[in-house]
Amino acid sequence: MSASEAAIDQAEGLRRIVNPKPVKVIAVSSGKGGVGKTNVSANLAVALAKQDQEVMLLDADMGLANVDVLLGLNPAYDLSHVINGERTLEEVIVDGPSNVKIVPGSSGISNMANLTAVEHAGLINAFSELGHVIDVLVVDTGAGISESVINFCCASQEVVVVVCDEPASITDAYAFIKVMSREHNIDRFQVLANMAHTPREGRELFLKLSKATDRFLDVMLTFMGSIPYDTQLRKAVQHQRAVVDAFPRSPSAQALKRLARQVIEWPESSTSGGQLEFFVERLINSETGSLEVVE
Ligand SMILES: Nc1ncnc2c1ncn2[C@@H]1O[C@H](COP(=O)(O)OP(=O)(O)OP(=O)(O)O)[C@@H](O)[C@H]1O
Ligand SMILES: [Mg+2]
């Protein structure tokens, strides 16, 4: 397929859009690796589903996708099969706990920034053909500030930045916010402290980060809350289960359930940009800056 044929295909995909409901799209990021993004994404998704939300969880860690491992799933296909046209999105989606629709990520394909126009077309068609009605799309991103992470965050309505009590976590979160704000005009971030050892620790981390951003950047940080350090979460990871399922009364599960209630209260996007297809459209536009949909 040529690039122009691919663009026509995209337009066709966009015309077939059927999902009229505004979707909250939440990207979970951090800068630093290993601070708990995947656990936050997966548990938030399951906690939201338990509160009667229709939830999709997109594993957008293009380098080392592992939502499936965390939740003990064994998907036969993943996002790379959608991108190369071997499978439809419908076919790669697997049912996770509490009926969360999971789009498994792929390990070992070049990152999203390197997708060709044809691959872009495959992706946009895949999302726009989706029959599911979704309330919330949670996007688990990779560590670092790669093009792929930036693109997924630019395409989301809310960017959650997970931090923990390590100096590198704060400096990397700051670097991430700096790049997103100065180079990509994202000026609103939700800060979520993970692995907090005391109730005060989370807020103190937030204050440390916001002190730096207030001084040097033009951004608005909101303290989303904290999740305590919890050995039961680690145990749940070992059992490949969401902690909100395996140990619903554990301190981390309680915190995650509270966070999910908060997310439900977040206002829906008042623009059509909240719809799922626009997530993909923005994703593609932010990647290429030039790919036009031909009507
Ligand atoms: N609240 C918590 N209490 C205790 N351990 C935690 C907590 N949150 C995460 N962990 C542990 O931290 C480790 C990293 O978590 P996770 O894989 O979710 O991080 P990540 O940010 O997604 O990592 P990566 O950057 O590699 O994608 C896991 O082994 C998990 O068990
Ligand atoms: Mg991860």
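Hi everyone, let's start at the ligand. The shell around ligand 1 is made of seven nonpolar, nine polar and four charged residues. Keep in mind that this is a predicted model. Which residues come nearest to ligand 1? Out of the 20 around it, they are Gly33, Gly36, Lys37, Thr38 and Asn39. Three elements give at least two residues each to this shell: α2 (37-50), β7 (188-196) and α10 (231-238).

Let's stay with strand β7 for a moment, and pick out Leu192, which lies in it. Is Leu192 buried or exposed? There are 29 other C-beta atoms within 10 Å of Leu192, and the cut-off for buried is 20 or more, so Leu192 counts as buried. Who are its partners? Setting aside neighbours within four places in sequence, Leu192 touches Val40, Val160, Val161, Val162, Met224 and Gly225.

Now for a pair of helices. When two helices pack, we describe them by the angle between their axes and the distance between those axes. Here, helix α8 (residues 167-184) packs with helix α9 (residues 199-216) at about 40°, and the axes are 10 Å apart. That angle is why α8 is called oblique to α9. The crossing of α8 past α9 is right-handed. On the α8 side, the contact uses Ile170, Ala173, Tyr174 and Ile177, while α9 brings Leu205, Lys208, Leu209, Ala212 and Thr213. Sorted by class, that contact has seven nonpolar residues, one polar and one charged.

Note on methods:
Residues numbered from 1 in each chain as written. Chains lettered and ligands numbered in written order. Predicted model: local features only at pLDDT ≥ 70, side-chain atom pairs only at ≥ 80, totals over all residues. Axes fitted to C-alpha atoms, helices over the stretch in contact; angles between N-to-C directions. Helix = DSSP H or I, 4+ residues; strand = E, 2+ residues; numbered from the N terminus. Parallel < 35°, antiparallel > 145°, perpendicular 65-115°, else oblique. Left-handed = near helix turned anticlockwise from the far one by under 90°. Contact = placed C-beta atoms within 7 Å. Nonpolar A, V, L, I, M, F, W, Y, C, P; charged D, E, K, R; others polar. Near = placed C-beta within 6 Å. Buried ≥ 20, exposed ≤ 12 C-beta atoms within 10 Å, placed from the backbone.
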